[in-house]
Amino acid sequence: MQTLNYIAGRWQAAQDGRQFEVRNPADDSLITLAADGGAADARLAADAAAVALPAWKARSPRDRCLILKKWQALIERDVEPLAELISREQGKPLAESRGEIAYSAGYVEWFAEEGVRAHGEIIAAPVSSKRYLVLREAVGVVAVVTPWNFPAAMIARKIAPALAAGCTVVAKPAEDTPLTSLALVKLAEEAGVPAGVLNIVPASRDRTPEVVGEWLRDGRVRKVSFTGSTAVGKILARESAGTVKKLSLELGGNAPFIVFEDADLDAAVEGLMAAKFRNGGQTCVSPNRVFAHESVHDRFVDKLAARVGALRVGPASWAEAEIGPMINGRAVDKIERHVNDAVAKGAKAVVGGSRVRTDVANGPNYYAPTVLTGATPDMELSCEETFGPVVPIFRFSTEEEVIAQANDTPFGLAGYFFSNNIKRVWRVASALETGLVGINEGAIAAQAAPFGGVKESGYGREGSHWGLDEYLHTKYLCQGNLT
Ligand code: SIN
């Protein structure tokens, strides 16, 4: 198990020797201590990335592709130990962790193959004495800051395109889940990523601002890619303005999920189960507000309640677990606050509605999968992401009304709707103010598709060829006096 900083090709303790605890959310037991990086470590990492940049940028895209393909193969070789590590530090059921490793390897493969297609352009010049050419060049040193909900996939989705584009990287994994990220970096080292090209500095919650702040002030760091809360994204945007860095911000959401009167209700229930209960609802694109048309509301709720009530809650070590523990005590407190507020304002818990503690789910961080009816816009869960296994259901009567409600949020990451009316499908898909739209589908994220939001859910895209663009500059060359 890797627990140290990886800087300039060396695994090393924090400069001042500090460490922090990594705990298993299933029972809060200590897994290990990890190096607690600080400003000095962050500086060393940026130094190493700056030194390694010219040679890595100069390597051919094909060379970089082959190294990334090797990294992919090693990740695929180690599915089992990596999945076990995710489940241990993050809590998700083992089957989901295996899926996350496959998803991560898929991003490495995708960007290995996209990197060799980062073509420029030749533009027809208006006069024959000139040639206009456009090159795509690596932006430089990139700082990558990742969340705890997908500790492997978010590292892969940011680091693979950065490396494919010819950038070097300094990374700070989430404080709750540094071990998976460190294990992936170890495999990158084994794949032949040269010293200094990829550096990682884990840090505790207290020291994270020190590490990231160092990179934000460093003029050599030319880009920051962050996935996390909108509140932190705003701080990063403000603080990176001093050196005018390129930014990709994948921030919070408040996804609507609309079930129209012409929907296939069984498909809608299955779509909602897939979208909502992945990772116990701790996913940025999880539906946060479910709107059911009044004419199908009761039938939809009955079908959904039957599915949600049957979900098995327990630790990843229990083979039957479908919903694991939440990441930590703060997460469960927030879920509890949202549900209690909703119930106090008139919502009814038709399934769940409280914490769980059973012989199997025997820890402080479990919350019962919950369906609430009678949700209204004045409830906290309507305005703020709950990030847990809670489905609040709002009733609506017209398309206009539900679109207005769906868009009545500063966030705009994902939106979903179920309808079998083709005219409505196009109307609603264009009316939703979100970066991603699931139409009769709950599982929407994919390597080949652009992932990212609008409004306060951020900007920049991950995955697809747009995901590579985020790590490239456009350089225009004008050659004259040709005739
Ligand atoms: C996220 O929650 O930020 C990522 C989810 C995904 O890739 O589907």
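This is a predicted model: local features need pLDDT of at least 70, side-chain atom pairs count only at pLDDT 80 or more; totals for chains, interfaces and linings use all residues.
Local features were considered at pLDDT of at least 70 and side-chain atom pairs at pLDDT 80 or more, whereas totals for chains, interfaces and linings use all residues. Residues are numbered from 1 along each chain as its sequence is written, and side-chain values use heavy atoms, with hydrogens and water left out.

The ligand sits in the largest cavity, a cavity being a set of points on a 1 Å grid over the protein atoms alone where a 1.4 Å probe fits but cannot get out, and a molecule sits in it if more than half of its atoms lie within 2 Å of its grid points. Residues with a heavy atom within 4 Å of the ligand include Y103, F150, M154, T227 and F451, and the shell divides into six nonpolar, three polar and three charged residues. The protein covers 100% of the 260 Å² of accessible area that the ligand has on its own (Shrake-Rupley method, 1.4 Å probe).

Across the whole structure, 42 salt bridges were found, each defined as a side-chain nitrogen of Lys or Arg within 4 Å of a carboxyl oxygen of Asp or Glu. In one of these, R207 pairs with D36, with the closest N and O atoms 3.8 Å apart. Because R207 lies in the loop between β9 and α7 and D36 in the loop between β4 and α1, this pair ties together parts that are 171 residues apart in sequence.

Notes. On a 1 Å grid over the protein atoms alone, a cavity is a set of points where a 1.4 Å probe fits but cannot get out, and a pocket is an open set with protein on both sides within 12 Å along at least five of seven lines; lining residues have an atom within 4 Å of a point. Ala, Val, Leu, Ile, Met, Phe, Trp, Tyr, Cys and Pro count as nonpolar, Asp, Glu, Lys and Arg as charged, and the others, Gly among them, as polar. Helices (H or I, at least four residues) and strands (E, at least two) are DSSP runs, numbered from the N terminus.
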